[in-house]
Amino acid sequence: MLILTDGRFPAGGHAHSGGAEAAVAAGRIHDPASLEAFCRGRLHTAGLTAAGLAAAAAAGLDPLTLDEAADVRTPAPALRTTARRLGRQLIRAARATWPSPELDALAAARPRGAHQPVVLGLAARAAGLGPRDAAYAAGYEAVSGPATATVRLLSLDPFDATAVLARLAPELDRIAARAAEAARRALDEGPGALPAASAPLLDITAEQHATWSVRLFAS
């Protein structure tokens, strides 16, 4: 799990801000307190949804069915494109690190990329991790990406950004537990049991960000 969540793992996440670049430009992130509020909101919406998908993939649900479930949970075209681009990069890295017939099959079925949380869960499964581990990885990515991006965007003190992540740790525990429980139910009830929390402002700003001619991050 440490490898999966390491920013140096060649999965492309370092080029994406998770909505932080648009939030900084709009003045919604400007200091450690506002970064913490942004990350908390992202964790409980997009992060929870991603954690549920990842946990379900790690639990053994059909990844193609989960990829469709991820599509309907991602209404913004810009975010769907981003999720598939990140998924394509992640599956390349995961197949090289943990060779797996399941990863090979998903890569063949989705040559343009599956949604990143689904790939993350399948990679966790290939690495011998369980649903809660996959949920932790997805939840951590949901907040660590914006925190790291904000350090670059605002020249924020890295110690302050790390402190934000540390304060969010108890909430990340709860998100991972909720996602893993939802994945357990989804084994019997189908993907409709998985979280579908929405963050409309993230969707709107993602579409706006995609039109910028000059930007530091891809999303």
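Helix α9 exposes F159 and A166 on the face turned away from its buried side; exposed means over 50% relative accessible area, buried under 20% and partly exposed in between, with a 1.4 Å probe and protein chains only. Helices are DSSP runs of H or I with at least four residues, numbered from the N terminus. The model is predicted, so local features need pLDDT of at least 70 and side-chain atom pairs pLDDT 80 or more, while totals for chains, interfaces and linings use all residues. Residues are numbered from 1 along each chain as its sequence is written, and side-chain values use heavy atoms, without hydrogens and water.

The buried residues in α9 (residues 158-167) are A161, V164 and L165. They lie on the same side of α9 because they cover an arc of only 95 degrees around the axis, taken from the directions from the helix axis to the C-beta atoms. Their packing partners are α3, α8 (131-154) and α10 (169-189), where contact means heavy atoms within 4.5 Å.

Helix α3 (residues 32-59) also has α4 (residues 63-72) beside it: the two axes come within 10 Å and cross at roughly 175 degrees. Axes are lines fitted to C-alpha atoms over the stretch in contact, with angles from 0 to 180 degrees between N-to-C directions. The angle makes α3 roughly antiparallel to α4, a term for angles over 145 degrees. L53, A56 and A57 of α3 meet L66, A69 and A70 of α4.

Elsewhere, R92 sits in helix α5 (residues 77-97) and is exposed, with a relative accessible area of 58%. Its C-alpha atom is separated by 9.5 Å from that of D104, 12 residues apart along the chain.

Terms used. Helices (H or I, at least four residues) and strands (E, at least two) are DSSP runs, numbered from the N terminus. Angles under 35 degrees count as roughly parallel, over 145 as roughly antiparallel, 65 to 115 as roughly perpendicular and the rest as oblique.
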